[in-house]
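Good morning, colleagues, and thank you for your time.

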There are 2 protein chains.
Amino acid sequence: MTIEIRGSTILAALENQGYRSTLPRREIIENLEKRSDGFTAEDLVRDLPHIGRATVFRTIKLLLEAGIICKLSLINGEPRYSLAHAEHHHHTVCVTCGTIGEFHAGTVERILRLIGNEVGGSIIGHRIELYISCADCARQNIPVPTVGHTHVS
Amino acid sequence: MTIEIRGSTILAALENQGYRSTLPRREIIENLEKRSDGFTAEDLVRDLPHIGRATVFRTIKLLLEAGIICKLSLINGEPRYSLAHAEHHHHTVCVTCGTIGEFHAGTVERILRLIGNEVGGSIIGHRIELYISCADCARQNIPVPTVGHTHVS
DNA sequence: AGGGTTATTGAGACAAAGTATCTTTCATAT
DNA sequence: ATATGAAAGATACTTTGTCTCAATAACCCT
């Protein structure tokens with residue numbers, strides 16, 4: 001009866017939402033649980049060649065909707081997925097090595113809420129990504145690729 | 001010698017950056033200047049069938065890098081472009097009608113800067129999109145599509 | 001445990017949003 | 001006017017998914 005989202009019970013969370021526990025789903029979940037970093041859909045497709053491409057994408061969508069993984073964009077727009085470790089959060093993305101971090105900032109949320117009110121209408125959600133050159137890359141002096149429009153969006 | 005970015009002198013801005021004033025570029029710029037709303041690359045391709053697809057995309061990239069247009073994502077991830085009316089800003093995107101608005105919030109920027117420092121490394125940029133149901137859609141009670149994970153990213 | 005129902009899968013075609021290549025054409029400086 | 005290099009067009013290719021439809025497998029019931 002407990003709804004645990006973390007641990008090895010992502011599957012349980014899906015089952016609690018009425019989805020079936022199938023072998024492909026179990027394998028996909030097991031695979032992505034092992035990844036501490038962000039991953040692409042193609043990573044999964046490559047790692048699990050006996051699972052159909054469509055199934056991988058269907059499962060990703062399922063996990064996104066269940067809030068178990070997040071979808072985010074590298075600075076060039078490439079999509080990445082990452083396990084959601086916290087309830088509500090946003091991501092830092094290193095522009096050189098692609099490492100993904102999480103952060104939470106209540107103040108930002110509050111301000112966006114205010115802005116939403118000002119604009120009129122109602123707030124549905126938001127997307128925030130903070131592009132950095134991470135400590136490691138900065139220390140190693142790895143050059144930051146020149147991205148045309150730096151303060152993206 | 002004046003570098004005007006707004007008005008009908010987007011072209012001048014490009015020329016000042018060393019790019020050539022070609023007919024396709026003039027036509028693309030003229031076309032997108034007439035659009036108050038967001039637009040897709042396909043909109044331009046459709047409107048200017050005598051211009052090659054690659055050229056449309058190349059010009060879009062150019063204008064992005066020059067900061068003349070912005071690229072943003074609808075809540076489902078579909079890309080949209082929009083003329084940049086202000087120096088630094090972010091966008092509100094109506095999840096039902098797709099109308100794009102701009103806002104600026106110094107406080108948000110400041111906080112993100114702080115977070116970047118905390119994380120270590122250096123800040124390259126950020127992406128913020130605020131998804132709303134705009135005043136019009138809210139008034140008309142247009143139902144908001146259920147988007148799986150609402151506070152995107 | 002067996003069987004029916006229905007969700008889910010796999011295969012492969014299709015789609016959207018670009019990008020790469022390569023030859024031709026055009027803008028610009030001289 | 002012309003040389004030179006930037007830009008364009010055509011077209012093939014790539015990436016990231018989505019759709020369809022028949023075959024399979026979970027789950028519920030008894």
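Let me begin with the contacts within chain A. Among those with a separation of 6 or more, 45% are between residues 24 or more positions apart. Please keep in mind that this is a predicted model.

Chain A holds six helices and five strands. Followed along the sequence, their order is α-α-α-α-β-β-β-β-α-β-α. The C-alpha trace of chain A covers about 45 × 40 × 25 Å along its principal axes. Of the 153 residues in chain A, 33% are buried.

I turn now to the two protein chains together. How many residues of chain B are in contact with chain A? There are 47, and they meet 47 residues of chain A. On the chain B side, at least two residues each come from helix H4 (53-65), strand S1 (69-73), strand S3 (90-94), strand S4 (100-103), helix H5 (106-119), strand S5 (122-133) and helix H6 (135-139). Which of these elements gives the most? That is S5(B), with twelve residues. Sorted by class, the side of chain B that touches chain A comprises 24 nonpolar, 20 polar and three charged residues.

The strand S5(B) also takes part in a pairing between the chains. Strand S5 of chain A, residues 122-133, is joined to S5(B) by eleven bridges, and the two strands run antiparallel. To give one pair, His126(A) has Leu130(B) as its bridge partner.

Next, the DNA. Around DNA strand C there are 24 residues, of which Tyr19(A), Gly52(A), Ala54(A), Thr55(A) and Ala54(B) are the closest. From chain A, helix H2 (23-33) and H4 each give two or more residues to this surface, as do helix H3 (41-47) and H4 from chain B. By class, the surface near DNA strand C has nine nonpolar, six polar and nine charged residues.

Thank you for your attention.

Notes:
Residues numbered from 1 in each chain as written. Chains lettered and ligands numbered in written order. Predicted model: local features only at pLDDT ≥ 70, side-chain atom pairs only at ≥ 80, totals over all residues. Contact = placed C-beta atoms within 7 Å. Helix = DSSP H or I, 4+ residues; strand = E, 2+ residues; numbered from the N terminus. Nonpolar A, V, L, I, M, F, W, Y, C, P; charged D, E, K, R; others polar. Pairing = 2+ DSSP bridges. Near = placed C-beta within 6 Å. Buried ≥ 20, exposed ≤ 12 C-beta atoms within 10 Å, placed from the backbone.
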